[in-house]
Amino acid sequence: MNETRPSVLAGAWYPADPKQLATSIDGHLAQGRPLAQVARHLPVAIIAPHAGHQWSGDAAAHVYRLLEGEAGRALERIILIGPSHRVSFRGASIPTVQAYETPLGTVPLDTNITTALLDQPGFQSVESAHRQEHCLEIQLPFLQQVLKHPYRIVPILISHMESSEWKRIADALAPYIDARTLILISSDFTHYGQRFGYLPFTDDPDRNLKRLDLGALVPMLALDPEGLARYKRETDVTVCGYQPIGILLELLRDPKVQNLWGGGRPEGRVLEYYRSADLLGDFEGSVSYASVAFFRPGDLLEGEIYPAALQGVEPWQTSSGKDQAAGSTMKLNAQEKRFLLYLARRTLQEVLAGKPTPDVKAYPQDVSPENMQTVCGVFVTLTKQKRLRGCIGSIEGKEALVDGVIHNAVNAALKDPRFPPVEINDLTDLEIEISVLTPLERVASPEEIKIGRHGVLLEKSGRRAVFLPQVAPEQGWDLETTLDHL
């Protein structure tokens, strides 16, 4: 194993040339305010976005500007926590390398702490998770540019975890929090649009995205991990680092940690907020970026808690406590989604060549057999040159997910009565989409239906009609139009 993890982002997510990178970082930092204009002492924790620097760099700069100068020299350790985007595992993962490398040099790990944490429940080392992960490395050039003295990092990735487990991870980290330590959480906020599989609304995305993100920020500033978990359940908001943020909230409200600052609850401030849509002028697909800093009680200077973009905005209102995501809690990671798409295509290749359907006896790494064997509804949709070519599935779970994908791929290709059977020559430009459905849930009124998030089944006098969640957004329909067509 290499002792130093090389950069995998240089030249793509940020400049590969050291001078160009330093100049770029300085340009971003100029957008933020120095610590003297914000608070009396360094922040105890920050949340920074992790897109490419050209997208989220100006937002990240607002928290990193606070670390510049003499005050930042007090920091000796950065506990860096982010979500695993590529590899799925249970709990927290710490790499076993000795350092991380960027074009600006190497950053050593605090191996005394990483070694000790690996002996704690909930921690492991999943090396494959760290090799291509961007959310930790993307923060390092900022740290290197503002901290001009030796310091060490404790990089941690979080994957599958229940909110009830956040405190266990926080308790394991608490002994290593002191006045010389900064907690850095890497997280983007809402990923909105069809390509992210998240369309809780189609009307006024500019205003509603602000409301949705603000609804997530409110429990964060209140140090309310339970409130954050509840908001996630009710909205399924796509804040990719909500689990690391939940761990942070547990840490910041730990009385032992608060005693380091003389007691009392840390105070948070949102220093910057914007969306990629603000840069592109297009809300078809948008990612939100927020920079948040938490300070010791009484440290914050006078000023607004939220930046101008969020002032006067009303937070998103959830239901009256009802879990909108009731039913299946299965979450498919990227590798599992790729595997199912591969399986559907391979099934068609085999069947159209006159061979039997695949017999799946083993799964690739990072594909959960438990998820693949979960009984759930699943549809397979085939399109050719953006025109529907077949779509068949089951609304209610009748068989394991992996079996449902195989059977419905065949049914969509050969048994959809609306179209002639797919032939082997059609496979070249045939696109496959798989919809995995949570269990049906009766609604009391149409107002409970969220366009882009919910599919709809309408039943009357023995007749049924169904639209999958993506139908309405693809057609540009609002709720009333959707129900009319249904």
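Which residues line the largest cavity?

## The largest cavity

I451, G452, H454, G455, V456, F467, L468, P469, A472 and T482 do. This is a predicted model, in which local features need pLDDT of at least 70, side-chain atom pairs count only at pLDDT 80 or more, and totals for chains, interfaces and linings use all residues. Residues are numbered from 1 along each chain as its sequence is written, and side-chain values use heavy atoms, with hydrogens and water left out.

On a 1 Å grid over the protein atoms alone, a cavity is a set of points where a 1.4 Å probe fits but cannot get out, while a pocket is an open set with protein on both sides within 12 Å along at least five of seven lines; lining residues have an atom within 4 Å of a point. The largest cavity holds about 40 Å³, and its lining has six nonpolar, four polar and no charged residues.

## The second largest pocket

Let's turn to an open space. The second largest pocket has a volume of about 720 Å³. Among its 22 lining residues, T381, T383, L388, E433 and E474 are the closest to the centre. Strands 13 (377–384), 14 (387–394), 15 (430–437) and 17 (463–467) and helix 15 (471–475) each give at least two residues to this lining; helices (H or I, at least four residues) and strands (E, at least two) are DSSP runs.

## A helix pair

The axes of helix 7 (residues 205–221) and helix 8 (residues 225–235), lines fitted to C-alpha atoms over the stretch in contact, come within 8 Å and cross at roughly 155°. The two helices are therefore roughly antiparallel (over 145 degrees).

Notes
Points joined across faces, edges and corners; volume = space filled by probe spheres on them. Axes fitted to C-alpha atoms, helices over the stretch in contact; angles between N-to-C directions. Parallel < 35°, antiparallel > 145°, perpendicular 65-115°, else oblique. Nonpolar A, V, L, I, M, F, W, Y, C, P; charged D, E, K, R; others polar.
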